[in-house]
Amino acid sequence: MKITENKYKAMEKLSTKDGIIGALAIDQRGALKKMLAAGNFQGDVDTTIVEFKKLVSEELTPYASSILLDPEYGLPAAGVRDDEAGLLLAYEQTGYDATEPGRFPDLITNMSARRIKEAGADAVKFLLYYDIDESAEINDRKHAFIERLGSECVAEDIPFYLELVSYDATISDATSPEYAKVKPHKVNDMMKEFSKDKYHVEVLKMEVPVNMNYVEGFAENPADVIYTREEALAYFKEQSEATHLPFIFLSAGVSAKLFQDTLVFAHEAGSTFNGVLCGRATWKGGVEVFATEGEAATREWLKTEGRQNIEELNAVINKTAQPWTTKLTK
């Protein structure tokens, strides 16, 4: 797919010199609040989130090609990132609208693609919850929503990274065996939809198409297996063939080791993924340290365990991911 010179330069800024996207994600807001609450944190949550994001950015962006942040808490962290690291800014509010069916998104009310670009971002990132099997009325609203965002990014000549998270409106637990059975269809078919030219997406940020905890060889117990190894490999291959766009994997909060093993599995399947945008698998262990032991201990954790997590992940994607330049030209 052909993109503009400005978008191409921005894509280069967001990736390694070899065209692999090794991005660090810390645009979490609600999730971070829940993690602090789980540790019975009693301090100023908003200030703590800002300071934690700054620490993560300062200590880990020297080892990442770029960082994803949110404008609400993350702009101070953007200012202390490594000079070589690109910047993505989130456009959506945390979570989704729970007042009506459909998990509809909300934009950050005082932001626009123009303002995101003016804040120094190299790309706009947007998260959409999507059930391919939900009513046509609900999904058509979401299609129009993404069309508008894509047009905004075209007008501002900035890359559009679309993060897609699948769900089933009739299954409440996305970690359940019931959902695992339908997940390949949910993920791969929504990927086909949002690869259409009308959305003006440059990069899709995707879940893997199966729940690895139910894959033969990954499941803790044989009774938990829902996908044979061959079936899971086929779903990864099907996902890769569902789009002509660059796509990257999100970690979805799994452990660093499982995420790395999943990427190796995807590569074995023949998936042509182009990198990662990895969040909690890299830094979540530092949250409790920051809440209980403070800045110095957290900085030490990031310099050791955090850095190890990201460098081990880099080693994996450098062997398994393909450059986005095989899919985008200027």
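Contact here means heavy atoms within 4.5 Å, and helices (H or I, at least four residues) and strands (E, at least two) are DSSP runs numbered from the N terminus. The structure is a predicted model, in which local features need pLDDT of at least 70 and side-chain atom pairs count only at pLDDT 80 or more, while totals for chains, interfaces and linings use all residues. Residues are numbered from 1 along each chain as its sequence is written, and side-chain values use heavy atoms, with hydrogens and water left out.

**View 1. Eight strands form a closed barrel in the order 1-2-3-4-5-6-7-8, with parallel pairing.** From one strand to the next the twist averages 25°, where axes are lines fitted to C-alpha atoms (for helices over the stretch in contact) and angles run from 0 to 180 degrees between N-to-C directions.

**View 2. Strand 7 (residues 247-250) pairs with strand 8 (residues 275-278) in the parallel sense over two bridges.** Two strands count as paired if DSSP finds at least two bridges between them. Phe 249 has Val 276, in strand 8, as its bridge partner.

**View 3. Helix 8 (residues 229-241) has 13 residues and reaches 19 Å from its first C-alpha to its last.** Its buried residues (under 20% relative accessible area, with exposed over 50% and partly exposed in between, for a 1.4 Å probe and protein chains only) are Ala 232, Leu 233, Phe 236, Gln 239 and Ser 240. Seen down the axis of helix 8, these buried residues fall within an arc of 120°, so they line one face of the helix; the arc is that of the directions from the helix axis to the C-beta atoms. Glu 230 and Glu 241 are exposed on the other side of helix 8. The cover over the buried residues of helix 8 includes helix 7, strand 6, strand 7 and helix 9 (256-269).

Notes
The expected span of a helix is 1.5 Å times one less than its number of residues.
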